[in-house]
Amino acid sequence: MWNQSPVQLIDIRHHVLKTGDSFHAYTFPANGFLFVHQGAAKVNLDSAEYLSTEFNVMHNIKGAVLHISGINQPVDYYLLLYKPLVGQSRLSRDVQADLVGPQSYVFQAQYPLSLLSLLVQMIDLWTTGEELDRLQVSGLFIQWVHEQFRQLSLVEDEHLEPDLAQRIAQYIHEHLHRTISMETMAEIFHYSTHHLARVFKRKYGYSPIEYAIQTRIARAKTLLSESDVSIREVAESVGYKDLYYFSRIFKRVTGETPAQFKLHSPRSKSSIRPKEMPESFIAPRCGQRYIDNNDNHYQYDTWSVNEVNVRLKSSFAVTLLFSLSLLLAACGGAGTDEPAVETRMYKDAMGRQVEIPVNPSRTVVLTYGGYLLPLDLKPVGVNQETLDQYPQDMADVESIGKGTGNKEAILALLPDLIILPDYLSEDIIVSYEKIAPTVAVAWGGDPDVIDTLRTVGDIMNRKQEAEAWIAKFEGKLQGVRDQVNIQLEPGTTAISFVLSSGEVLLGGEGGTLGKLIYQDFGFKMPEEFKAFADGGTVLSMEKLVDQPADYFFTQMDEDEFKQMTELFKEPVYQTIPAVKNNRIINVSREKWNYGPYTVEQGVDALIQQVSQLQQ
């Protein structure tokens with residue numbers, strides 16, 4: 001690569017991890033070198049483990065995930081990030097990928113001082129920020145790369161290569177965007193497919209193909225939750241050309257479709273963004289793409305030395321608060337006869353047996369906070385998005401921050417139970433388990449307010465209150481059936497959806513909204529979409545035209561709806577019966593996602609709009 005394409009140095013960082021610190025799940029935003037000056041630690045790079053000691057040089061490719069742990073002494077290291085300048089070339093994507101993605105490797109430098117002296121010069125010049133200094137750094141970087149290659153050539157090959165299973169894993173990570181088969185790997189590694197599978201499974205517990213699937217889906221989840229790239233582009237970036245097949249595999253692994261998962265992300269708050277609004281599905285506007293080596297995307301999702309300091313301090317704060325809480329509990333317990341908290345075992349949506357209080361009194365809830373209100377309860381803390389939906393009902397409830405919340409804020413509330421949705425990553429759930437018993441509640445793609453309230457009522461030991469609200473709600477729905485006379489021609493069709501990044505995220509027949517549309521109102525899902533009746537399927541904009549529906553039920557906020565309305569003014573969309581006849585009913589998805597009280601508001605808004613269209 002170094003002789004075929006110029007490179008650009010993006011960033012240089014110098015940091016020291018203290019004894020007992022750890023650094024988890026850092027995704028390389030670009031290709032990079034890691035040079036350990038002092039100390040030793042266990043390094044896990046895309047599931048390949050290394051014991052990194054002083055003077056180790058490690059090269060990592062863009063997208064590699066780094067974990068550093070087992071630090072028994074301070075670890076002083078340098079990180080250099082760079083990118084090949086191939087973005088403007090006319091090479092094919094596969095050829096560009098070969099240039100961008102050299103293999104990862106690790107070795108111990110035999111002459112570390114020559115590397116270290118160049119690093120010290122580079123970091124000093126880099127931090128000054130002067131243009132001429134940056135130019136000099138670029139020259140020093142090429143010298144550094146040449147020197148590490150020279151020292152790499154001095155090391156015997158057998159000491160460089162990880163074992164066969166690690167080499168297979170490395171191959172999989174480097175070829176996620178391409179077709180991976182056992183036959184191809186057998187040719188590359190010169191072993192039979194049976195031998196490769198046996199050796200690999202002995203180490204990782206999966207066959208190579210299943211490992212590739214798990215790794216692809218993990219990478220896809222990261223892209224869906226941390227970027228605005230479309231689902232189709234995500235699928236292609238992890239090796240799936242068939243979007244429908246990708247959706248099936250994604251659902252098999254995660255329990256929900258990519259579209260459903262994407263809507264959980266805090267970034268989906270505004271699912272249609274002005275800069276990404278397609279002018280037409282025939283000529284979509286060219287936008288930034290995470291997977292096309294965007295020059296600047298690394299600035300948004302990477303870290304700096306200062307940020308690492310903050311995170312390490314935060315980690316220390318969590319440990320300190322946790323220790324203090326235990327100390328206070330111990331001191332407070334001395335000389336008192338407070339009864340032990342009565343507990344019971346509960347099997348959550350992830351199949352875990354969790355010991356929870358029989359009557360929780362200090363519950364922190366992510367996303368599902370609104371479900372405690374009909375139970376005549378209030379959480380002590382909820383995520384900010386939930387608070388925004390209940391400014392009066394939760395005026396005295398603490399915010400734990402946006403999205404997945406802040407561990408320090410949660411710990412400060414001294415919860416005895418944490419409730420969260422099952423679509424969150426295992427790492428988040430494990431981190432919260434260290435604070436209090438943590439229960440995952442099924443999301444199920446299209447939220448069903450009745451099923452979810454029953455679940456939360458069971459967890460909070462308020463089944464009677466849950467059933468009372470459910471009976472009231474079902475009575476309201478029956479009143480809708482009896483009083484709202486919707487005149488539909490036989491076979492009148494409707495679909496529900498959200499537009500996101502120029503794609504249609506199709507709703508299903510289940511969930512609260514789906515049942516209202518297809519059971520209570522009596523609309524029919526177009527036959528062409530019946531295969532996707534479970535919801536969450538990704539469709540192209542063309543499908544809205546090719547398979548037109550009589551009614552659209554959308555779930556957009558006010559700004560998104562305005563943008564969608566402007567889009568539908570194009571002649572190509574005016575042929576759709578729902579658009580042509582102005583039969584678009586919109587209720588923001590926030591009404592369906594944040595609990596029984598907002599669902600009631602959503603039902604009222606839906607009935608009002610449908611009734612107006614019937615007049």
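**Close-up views of a predicted model**

**View 1. Phe-33 and Tyr-82, a stacked aromatic pair.** Phe-33 and Tyr-82 are both buried in this predicted model. Their rings are stacked, with 5.8 Å from centre to centre and 25° between the planes. The two residues come from distant parts of the chain, 49 residues apart: Phe-33 belongs to strand β3 (residues 31–38), and Tyr-82 belongs to strand β8 (residues 75–84).

**View 2. Tyr-204 and Tyr-211, a tilted aromatic pair.** The centres of these two rings are 5.2 Å apart, and their planes make an angle of 50°. Tyr-204 and Tyr-211 are both buried. The structure holds 20 aromatic pairs.

View 3. Tyr-240, Tyr-245, Phe-246, Phe-250 and Phe-261 are linked into a cluster by ring pairs. Arg-216 is placed over the face of Tyr-240, at 5.3 Å from the ring centre.

**View 4. Arg-134 over the face of Trp-126.** Arg-134 lies at 3.8 Å from the ring centre of Trp-126.

**View 5. An open sheet of five strands.** The strands follow the order β14-β13-β12-β15-β16, and their pairing is parallel. At the edges are β14 (398–399) and β16 (438–441), each of which pairs on one side only. Helix α17 (residues 449–459) packs on the sheet, where it touches β15 (417–421) and β16; the direction of α17 makes about 165° with that of β16.

**View 6. The pairing of β13 with β14.** Strand β13 (residues 381–382) pairs with β14 in the parallel sense over two bridges. Gly-381 has Glu-398 of β14 as its bridge partner.

How values were computed:
Residues are numbered from 1 along each chain as its sequence is written. This is a predicted model: local features need pLDDT of at least 70, side-chain atom pairs count only at pLDDT 80 or more; totals for chains, interfaces and linings use all residues. Side-chain values use heavy atoms; hydrogens and water are left out. Two strands pair if DSSP finds at least two bridges between them. Helices (H or I, at least four residues) and strands (E, at least two) are DSSP runs, numbered from the N terminus. Contact means heavy atoms within 4.5 Å. Axes are lines fitted to C-alpha atoms, for helices over the stretch in contact, and angles run from 0 to 180 degrees between N-to-C directions. Rings of Phe, Tyr and Trp (its six-membered ring) pair if their centres lie within 6.5 Å; planes under 30 degrees apart count as stacked, over 60 as edge-to-face and the rest as tilted. Buried means under 20% relative accessible area, exposed over 50%, partly exposed in between (1.4 Å probe, protein chains only). A charge sits over a ring if NZ of Lys or CZ of Arg is within 6 Å of the ring centre and within 35 degrees of the ring normal.
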